[in-house]
Amino acid sequence: MTIHSFIIFDRHCNCIYKREYSHELNNNPLSGPINKNNDSNSSKLLFGILYSLKTIASKLIPEDNINELRSFNIGDFRIHFWESLSRFKFILITNKEVNIDLQSILFQLYSKYFIKYVVENGLSPIEFKYYEKDPKENEVSAKINNGKFIEETDKYLQTLSIF
Amino acid sequence: MKVYSILILNKAGGLIYQNEISSGLNKLSANDYLVLAGTLHGVHAIGSKLSQSISTTNNLKNTEELNSIQNSNILSFGKALNPNNNKSGLQSIETDFFNLYNFQTVSGLKFIIITSPNDNFENFETSNEIFRKLYILYSDYVMKDPFYSLDMPIKSILFDKNVKELFR
C-alpha cells in the first residue's frame with residue numbers, strides 16, 4: 001500500500017501540481033520532489049492515456065448517459081482519477097495492492113484543500129496558463145506553489161492507511 | 001460479473017474478432033470498433049513506457065527480459081507458468097458503467113473483455129478464468145483451423161459457437 005504521487009492537471013492539459021513521495025528505505029516520504037517534473041515525458045504520457053481512456057469510457061455506453069473513468073491499472077501501478085466540473089483532473093498514483101475506490105479521497109482533496117487554498121486564494125491565478133512571450137502581460141506561474149496547500153494535502157494523505 | 005463484449009487484437013493492434021455477448025453497451029459501427037482496438041493497443045504501449053518511467057526501483061524488467069523468462073519457462077517445464085504476459089502495460093480500466101480487462105499472450109495477441117462494473121477490485125481471478133477459457137477455445141478452434149491465416153480476422157463458425165456456449 002503506497003501512494004507514489006499526487007498530480008493535478010488543469011483544463012489546458014498543463015500539469016499544475018506534481019507531488020512525488022519517495023518510499024525508499026531510510027527515506028522520509030515527504031522528501032520527494034514537489035513540482036520538479038511537471039513537464040517531464042511521463043506527465044505528458046499520463047495525460048495522453050487519460051484522454052484516450054476518457055474518450056473510450058464515454059463512447060462505449062448508450063447515449064444520454066455520463067460515464068466517468070475511475071481508475072486503471074498499468075504495470076505495477078493503479079492510477080485513480082477524478083475530474084471536477086471545471087475540468088481540473090486529480091490523479092493519485094498508487095501501487096497495485098490498493099484495491100479500494102479512491103474517488104472520495106480525490107473529492108476530499110478537491111473540496112477541502114484545493115477549493116480552500118487555491119480557488120479561494122485571491123493571489124492564486126484563475127487560469128494556470130503561462131505566457132512566455134510577454135511576461136509583463138501575465139506573470140503567473142503555471143504551478144501551484146502554495147505552501148499551505150502542499151502542507152495540508154501532505155498531512156491529509158499521510159493520515160490515510162494506504163499511504 | 002456480466003460480460004458485455006469480447007475483442008481479440010492481433011499483435012499489430014488490428015481487430016480480428018469481436019463479439020457482443022450481451023447488450024448494455026452502445027452499439028458501435030465496425031469502423032468504431034477498429035478505432036477502439038487501435039486506441040487500446042496504443043494506450044497499452046504508452047502505458048508500458050509510462051510504468052517504466054514512474055517506477056523508481058530498478059528491479060522492473062523490460063518486455064524482452066520478461067519474454068525470455070517466459071520462453072525459458074516453456075522450454076524447461078513444457079508449459080508457461082502464467083499465460084498472461086501483460087506485465088507492464090494496461091491491465092484494466094474501471095468506469096461507472098463498465099470494466100475492461102486486458103490479457104496478452106506471449107505472442108502479442110490481446111484478449112479484451114468488457115464487463116459490468118463491480119465494486120471489489122479483486123476480480124482479476126474471475127477475469128483470468130474467462131481469459132484462460134477463451135485462450136483454450138482460440139487454440140482449439142482458430143489455431144488448429146488449417147484454413148486460418150495468422151493475424152487475419154477470425155471467421156470460424158465453430159469458434160463463434162463455442163464462445164457463445166461459454167457465456168451462456
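This is a predicted model: local features need pLDDT of at least 70, side-chain atom pairs count only at pLDDT 80 or more; totals for chains, interfaces and linings use all residues.
Residues are numbered from 1 along each chain as its sequence is written, chains are lettered from A in the order in which they are written, and side-chain values use heavy atoms, with hydrogens and water left out.

**Exercise 1.** Find where T94(A) sits and which side chain its own side chain meets in a polar contact.

*Solution.* 
- Strands here are DSSP runs of E, at least two residues, and helices are runs of H or I, at least four.
- Next, accessibility: T94(A) counts as buried because its relative accessibility is 0%. Buried means under 20% relative accessible area, exposed over 50%, and partly exposed in between (1.4 Å probe, protein chains only).
- Then the partner: the T94(A) side chain makes a polar contact with that of H80(A), at 3.3 Å. A polar contact is a pair of N or O atoms within 3.5 Å; within protein, one must be able to donate a hydrogen and the other to accept it, and residues adjacent in sequence count only if both atoms are side-chain atoms.

**Exercise 2.** Classify the ring pair Y17(A) and F149(A), and say where its two members lie.

*Solution.* 
- The rule pairs rings of Phe, Tyr and Trp (its six-membered ring) with centres within 6.5 Å; planes under 30 degrees apart are stacked, over 60 edge-to-face, and the rest tilted.
- Over all chains, this rule gives 21 aromatic pairs.
- For Y17(A) and F149(A), the centres are 5.2 Å apart and the planes stand at 75°, so the pair is edge-to-face.
- Y17(A) lies in strand β2 (residues 15-20) and F149(A) in helix α3 (residues 147-159) of chain A, 132 residues apart.
- Both residues are buried, and both belong to one aromatic cluster that also includes W82(A) and F107(A).

**Exercise 3.** Describe the interface of chain A and chain B, including one of its salt bridges.

*Solution.* 
- Now look for charges: two salt bridges cross the interface, a salt bridge being a side-chain nitrogen of Lys or Arg within 4 Å of a carboxyl oxygen of Asp or Glu.
- One of them joins R70(A) and D96(B), at 2.6 Å from N to O.
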